[in-house]
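User: Could you walk me through the pockets in this protein? I'd like to know what lines them.

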Amino acid sequence: MKWYAKLYTRLVFVFLYLPIIVLIVFSFNESKSRANWTGFSFHWYKELFHNELILSSLRNTLIIALAASVIALVLGTMAAVGIYAMRRKWFKSLVMNITYLPILNPEIVTGVSMLLLFVSFGNGIQKFNTWIGGTALSFLQLPEMQLGFVTLIIAHVTFCTPYVILNILPKLRQMDRFTFEAAQDLGCSPKLAFYKVVIPEIMPGMVSGFLMAFTYSLDDFVISYFVSSASSQTLPVTIFSMVRKRVSPEINALTAIIFVVVLALLLLSNYYSARKEKQMMRKEEPEA
């Protein structure tokens, strides 16, 4: 590789990671200044863990991301198996195009659409409750639809499910079609054959889909901004609200912690994959 190619690669990495490094360095700055270094201190990390707003938003974000990812994993797995089993190519192609829509659709459009849907649904419930309120069927009144945890989870499941489907479908295509039938011939029921044969074959895709759904849910701002309420804000929405007023060094500390955690998980994942690959290569080596 020529010297200018190496220089170009290094400049790209500097461009990508220098802002993060500067942010992490100034998270240890003693003062609030973002330009002048006055001394090394863990003050803003202590302040971060005493900030109830940030901690509650982080808790909301993790709960919503976990719930949305699990639901999206179940729905996406069932949808992927159903799409894979379709025989009509034109209908299968139509369903796949519909699956791509939430991914290709701008988030601002999805967020506004989800907000209008929830508001319309809430108004419909309110009218229904008013209509039956004075009748003998008043016990059938429905709970009011309000923006909060439920709407956030529904919205996140909506845009996370396609990622799960697109991660599982390639694994289904790689699987031998006759394996499922062979398991049934050997005495397995269709349900048992699905859990014992199909699930292990598509498990890598399920794990990838779950992690991708969790990451996108954790990172989402635009859609969450439209469907959240003051009592159920996610961390990106809270950070945006704080940044509009002033950039607190507590945000630097929080971002540094998130970056270190993600980096540690990535290194552990790569180490585990490399170790597993070495073990497989040793097993495949012929005995002397």
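Analyst: Happy to! This is a predicted model, where local features need pLDDT of at least 70, side-chain atom pairs count only at pLDDT 80 or more, and totals for chains, interfaces and linings use all residues. Residues are numbered from 1 along each chain as its sequence is written, and side-chain values use heavy atoms, without hydrogens and water.

User: What volume does the second largest pocket have?

Analyst: On a 1 Å grid over the protein atoms alone, a pocket is an open set of points where a 1.4 Å probe fits, with protein on both sides within 12 Å along at least five of seven lines. Points are joined across faces, edges and corners, and a volume is the space filled by probe spheres set on them. For the second largest pocket that gives about 300 Å³.

User: Which helix gives the most to the lining of the second largest pocket?

Analyst: Lining residues have an atom within 4 Å of a point, and helices are DSSP runs (H or I, at least four residues) numbered from the N terminus. H3, H7 (177-185) and H8 each supply at least two lining residues here. Among the lining residues are Arg177, Phe180 and Glu181. The most, 3 residues, comes from H7.

User: How many charged residues are in that lining?

Analyst: Asp, Glu, Lys and Arg count as charged; Ala, Val, Leu, Ile, Met, Phe, Trp, Tyr, Cys and Pro as nonpolar; the others, Gly among them, as polar. The lining of the second largest pocket has 8 nonpolar and no polar residues, and its charged residues number 3.

User: And which helix gives the largest share of the lining of the largest pocket?

Analyst: The largest pocket holds about 880 Å³ of space and is lined by 25 residues. Helices H3 (52-84), H8 (190-219), H10 (235-245) and H11 (249-284) each give two or more of them. The largest share, 9 residues, comes from H11.
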